[in-house]
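Reader: I would like to learn how to read a few features of a structure. Please take them one at a time.

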Amino acid sequence: MADALEVALRCVAVLAAFLLLPLLVGQTEHKAMAHMQSRVGPMYAGRFHGWAQLVADGVKFAQKEDVAPAAADRTVFAIAPGVALVPYLVAMVAIPLGPGLVGQDLDIGLFFVLAIMSVGVLGTLMGGWASANKYSLLGGMRVAVQLMSYELPFVLAASSVAMAAGTLSLPGIVEAWEPWWLLWQAPGMVVFFVAGLAELQRPPFDMPVADSELVFGPYTEYGGIRFAMFLLAEYAGIVVLSALTAVLFLGGWHGPSADDLGWLWTLVKTGAVAFIVIWVRVAFPRLREDQLNTLAWKVLVPVVLLQLALTTVVAVKIA
Amino acid sequence: MTGFGRGLLHGLRVTARNLLRRSVTAQYPDAKPELPPRSRGVIALQEENCTVCMLCARECPAWCIYIDSHKEVTPQQVEGARERSHNVLDRFAIDFSLCMYCSICIEACPFDALHWTPEFEYGEYDILDLTHERDRLRDWMWTVPPPPAIDPGGEEPKEIAAARKAVERDATKRSTATEEES
């Protein structure tokens, strides 16, 4: 009985984080992006600086009619947003917040999270294929290409840390982390972050959704609550990527008075990385499709291979 | 600083600077804009000044000023004097759906019957309601701001210049007269 209760409690906590953190990131993006562009962003919803804008958006999305194109593959079309969204919820289960503060401490946590994150991209691909729309299909194909290109550096960068720590468990990696890893794993961190951005199709790597040329790519035919789920998936993805970067490369709960405030440190680091995700979106123009793949294959993969070699040498030396 | 990544850093710097700076957005419906006194918002009519000379209606490039009038004759006041006739305004309307805010009517008016006011919130749901009749045009007069002070060093107003010239001319005439006397 107590076990069941604990499991339920953990699930509710993870669900709460899953529902709250992406909205927080979304609201920050609204406001920070606005100010970076010398605007003020939402000001009316909730009366104080538009804090309830996303709540209002959610209500609006929920009220809209659920439309599917006549030629669409209806089943696939309908479940695609779920396929995009749920993996990030599942991924959050394995990400530790503090010592012992984790949904489920998996021995192969890192492997699990990386595998699950790639499933999310499949949702977008499904949406692109099932929409029976040429722009959606083009966008979907670009998603596939991007997944192919960036999955490799993404996984290799993560495996570099796993090698350094000697474990695939996420809490284990944080336990093993030491401040000088910041320097040692710096190239891996950059590659991990950039490849993660590309995997989320976030600007400047948003060629698949490119609203100005592909009219939002795979999401073209979506509206209402299903579109909202895709959007939520994007922001949940940012949270998961930021949390992973914080846990793998920035030392998770390590910091002054880590015993009491460990969870806060993880959240602060996650928030900082999420802010960089937003900042990068505002500051950089979109990469062309060929530049996108050039970056992956000619820059990120060689860099991460060098990082792997470095990690191996140092790890063996230490051992 | 040259070389690879310079543009990327520059982009980050610009956005960060904007983020830290206060935005200049005016919260319009909540805070009214402070418009300069000569803003061309809407045209007001001081109908007491209007002599129905029709100059404004004729100069208007958009033909958006409608004026109707009739002549009234004042019977002779003094024995043997002529009867005096004068124009009475029946209708004065400006169609702001046609008006292009060129200000020619206001320049053309010799009697200062037309004025700009900075009020601009007179949108309507029906285009016909954009034709402001004389009572509405008269009401806009209450919103006409006093004319701004002349810029220091600016050209002096014509009236003052003319008066000053007249005074100077008188003075020189008087001084020459005294010289001739002595």
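Reader: Which way do strands β2 and β3 of chain B run, and how many bridges join them?

Author: In a regular strand the side chains alternate between the two faces of the sheet. In this predicted model, strand β2 (residues 65–74) and strand β3 (residues 84–95) of chain B run antiparallel and are joined by 10 bridges. As for cover, the count of buried residues among the 10 residues of β2(B) is 1.

Reader: How is a pair of packed helices described?

Author: Two packed helices are described by the angle between their axes and the distance between the axes. For α1(A) and α9(A), the axes come within 8 Å and cross at roughly 95°. An angle of 65 to 115 degrees counts as roughly perpendicular, so α1(A) is roughly perpendicular to α9(A). On the α1(A) side the contact includes Phe18(A) and Leu21(A), and on the α9(A) side it includes Leu232(A) and Tyr235(A). By class, this contact has 9 nonpolar residues, 1 polar and no charged.

Reader: What span should helix α9 of chain A have?

Author: At 1.5 Å a residue, its 26 residues (224–249) should span 38 Å; the end C-alpha atoms are 37 Å apart, which agrees. Of those 26 residues, 23 are buried. Gly251(A), with a positive phi near 85°, follows α9(A).

Reader: How many residues of chain A are in contact with chain B?

Author: There are 12, in contact with 9 residues of chain B. α1 (2–36) and α10 (258–283) of chain A each supply at least two residues of that side of chain A. The side divides into 8 nonpolar, 3 polar and 1 charged.

Methods
Residues are numbered from 1 along each chain as its sequence is written. Chains are lettered from A and ligands numbered from 1 in the order in which they are written. This is a predicted model: local features need pLDDT of at least 70, side-chain atom pairs count only at pLDDT 80 or more; totals for chains, interfaces and linings use all residues. Helices (H or I, at least four residues) and strands (E, at least two) are DSSP runs, numbered from the N terminus. The expected span of a helix is 1.5 Å times one less than its number of residues. A residue is buried if 20 or more other C-beta atoms lie within 10 Å of its own, exposed if 12 or fewer, and partly exposed in between; C-beta atoms are placed from the backbone. Two residues are in contact if their C-beta atoms, placed from the backbone, lie within 7 Å. Ala, Val, Leu, Ile, Met, Phe, Trp, Tyr, Cys and Pro count as nonpolar, Asp, Glu, Lys and Arg as charged, and the others, Gly among them, as polar. Two strands pair if DSSP finds at least two bridges between them. Axes are lines fitted to C-alpha atoms, for helices over the stretch in contact, and angles run from 0 to 180 degrees between N-to-C directions. Angles under 35 degrees count as roughly parallel, over 145 as roughly antiparallel, 65 to 115 as roughly perpendicular and the rest as oblique.
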